[in-house]
Structure formats: structure tokens, C-alpha cells
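Subject: Model handover and notes

Dear colleague,

Here is the structure I promised to pass on. Please open it alongside this email.

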Amino acid sequence: VLGGGLPLFLSRVVFADPPIVITNATQLQDAIEHQANGQTWTIEPGQYALTPNATITAGSQTGWYFPITANDITINGVGNPTIYGNSYSADGVWATQDLMAIFGNSVTINGLTLMPKLEPNKTIEVIGNDTTIENTTIEPNTLTNPSEISSLPDATEADWVGSIYYNGAGGTQILIGVTIDNGGISYHAAAAGVQETAARRRRAC
């Protein structure tokens, strides 16, 4: 109480953590390995090569290229940065099948260009609930060393991008302004409540 007899009310101001700014592939790999609930990442323009990660365990496996295991992460691209798999990995165990695997809930992906690893399967696999993917393009991988293409069982797979694949994902799943160049979207393993908005494909599957 102040001297005049009026009560003094103090309020607590909570400041959000600033975005994590990513400007190269090393910083992106570090962000992946140290991700935490509620983070916002800003990925600056450029090309970001990823290789299998031996640090993070998800789905009882390691070797994911881009696993997202934390909840409430927002990843914003500036100028459509390109993230791509920079090595050949045959489709075998689960972790070898994806470029980006979203295990966390309430994840938002915005403004990225994604290129699958070779051999393409699922460029994005969504396992978590309430995911939003917007303003994102999926294209064939033109950045990996061309010598990697010789490892493909069928060289024509180099022109395929695989799919956005919903695997048990629940809640509301939203796609807004997504372009898929020679690939598809698979909902057959998703939980009820999947919502697609304004997704388009440049070429037929």
C-alpha cells in the first residue's frame, strides 16, 4: 500500500525468447539437435544440406535427416531457403525413409523449399497432432552430387519427390499454399480430422 492508502498492484511481464536465426547448414543441424518446446526458428535464404543425424532418437531409431520431436515449434523460412538430403540412403528402416519427420505436436512449417533425400520416399512425414505446413514447395533433388543418382535402383526416381505422408497424425492437419512437384499427399494412415486447404501439385503423381 502506498502512502496515500491506495494498493499497489505489480504485474509480471513475460517476454518470449527471440527467434533462433539460422544462416548455414551447421547452425541448422545444431538447432535440430538442441530443439526445445516453444522455439521459433528463422531460416535465412540459402541452401542447407542435411545428412543422417546420429544424435536424436525418435521412434526408437536414429539416422533421421530432419527429425522434429519438440512441441510448438515454428520454423519460418525467409526467401524460401532450400533444405535437402545430401546423401543416398536406401529405403529400409523407418529413419531412412524421410527428409523431415514431425513427431512433435502443434508444429508449423512456413516458407521452405524442400528436396528429398535419395532414394525419395516421404519428404515430410507427419506423426504429431495439429501440424500446419504453409507456403512450402517440395521439388526434386537437384543439389545432391549427381554421382549419388547412380545408387538409385531406378534413375527416374531422381525426378520424384515422394510425398507428404500422414502417419497416425491427429487433431487438425492443415496445408496452405503447398506446391508438390511430381509427388503426392497420403492421408490413408492419418487419424480423423485431417484438413487440406489450397494444396496444389505442379505435376501428376
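Below are my notes on the sheet, the salt bridges, the aromatic pairs and one glycine.

This is a predicted model: local features need pLDDT of at least 70, side-chain atom pairs count only at pLDDT 80 or more, and totals for chains, interfaces and linings use all residues. Residues are numbered from 1 along each chain as its sequence is written, and side-chain values use heavy atoms, with hydrogens and water left out.

**The sheet**

Six strands form an open sheet in the order 1-2-5-8-11-14, with parallel pairing. Strands here are DSSP runs of E with at least two residues, numbered from the N terminus. Two strands pair if DSSP finds at least two bridges between them. Strand 1 (20-22) and strand 14 (174-176) are the edge strands, and each pairs on one side only. On average, neighbouring strands of this sheet are turned by 10° against each other, direction ignored. That angle is taken between axes, which are lines fitted to C-alpha atoms; angles run from 0 to 180 degrees between N-to-C directions.

Within the sheet, look at strand 8 (residues 108-110) and strand 11 (residues 132-134). They pair in the parallel sense over three bridges. T108 stands opposite T132 in strand 11.

**Salt bridges**

The rule is a side-chain nitrogen of Lys or Arg within 4 Å of a carboxyl oxygen of Asp or Glu. The count is three.

D91 lies in the loop between strand 6 (82-85) and strand 7 (98-102), and K117 in the loop between strand 9 (113-115) and strand 10 (122-126), so the pair ties together parts that are 26 residues apart in sequence. How exposed are the two partners? Some cut-offs: buried means under 20% relative accessible area, exposed over 50%, and partly exposed in between (1.4 Å probe, protein chains only). D91 is partly exposed at 31% relative accessibility. K117 is buried at 1%.

K122 forms a salt bridge with D98, with the closest N and O atoms 3.6 Å apart. K122 lies in strand 10 and D98 in strand 7, so this pair ties together parts that are 24 residues apart in sequence. Both residues, K122 and D98, are buried. The relative accessible area of K122 is 7%.

E125 also forms a salt bridge with K122, and here the closest N and O atoms are 2.8 Å apart. E125 is buried too, at 1% relative accessibility.

**Aromatic pairs**

Rings of Phe, Tyr and Trp (its six-membered ring) pair if their centres lie within 6.5 Å; planes under 30 degrees apart count as stacked, over 60 as edge-to-face and the rest as tilted. There are four aromatic pairs by this rule. One of them is W41 with F66, stacked, at 6.3 Å centre to centre and 5° between the planes. W41 is in strand 2 (residues 40-43) and F66 in strand 4, 25 residues apart, and the pair links distant parts of the chain. Both W41 and F66 are buried. Elsewhere, ring pairs link W64, W94 and F103 into a cluster.

**G59**

G59 lies in the loop between strand 3 (47-50) and strand 4 (66-68). G59 is partly exposed, with a relative accessible area of 37%. Not counting residues up to four places away in sequence, G59 touches W94 and F103 (heavy atoms within 4.5 Å). G59 and A95 are 36 residues apart in sequence and 8.3 Å apart in space, C-alpha to C-alpha.

Best wishes

How values were computed:
Helices (H or I, at least four residues) and strands (E, at least two) are DSSP runs, numbered from the N terminus.
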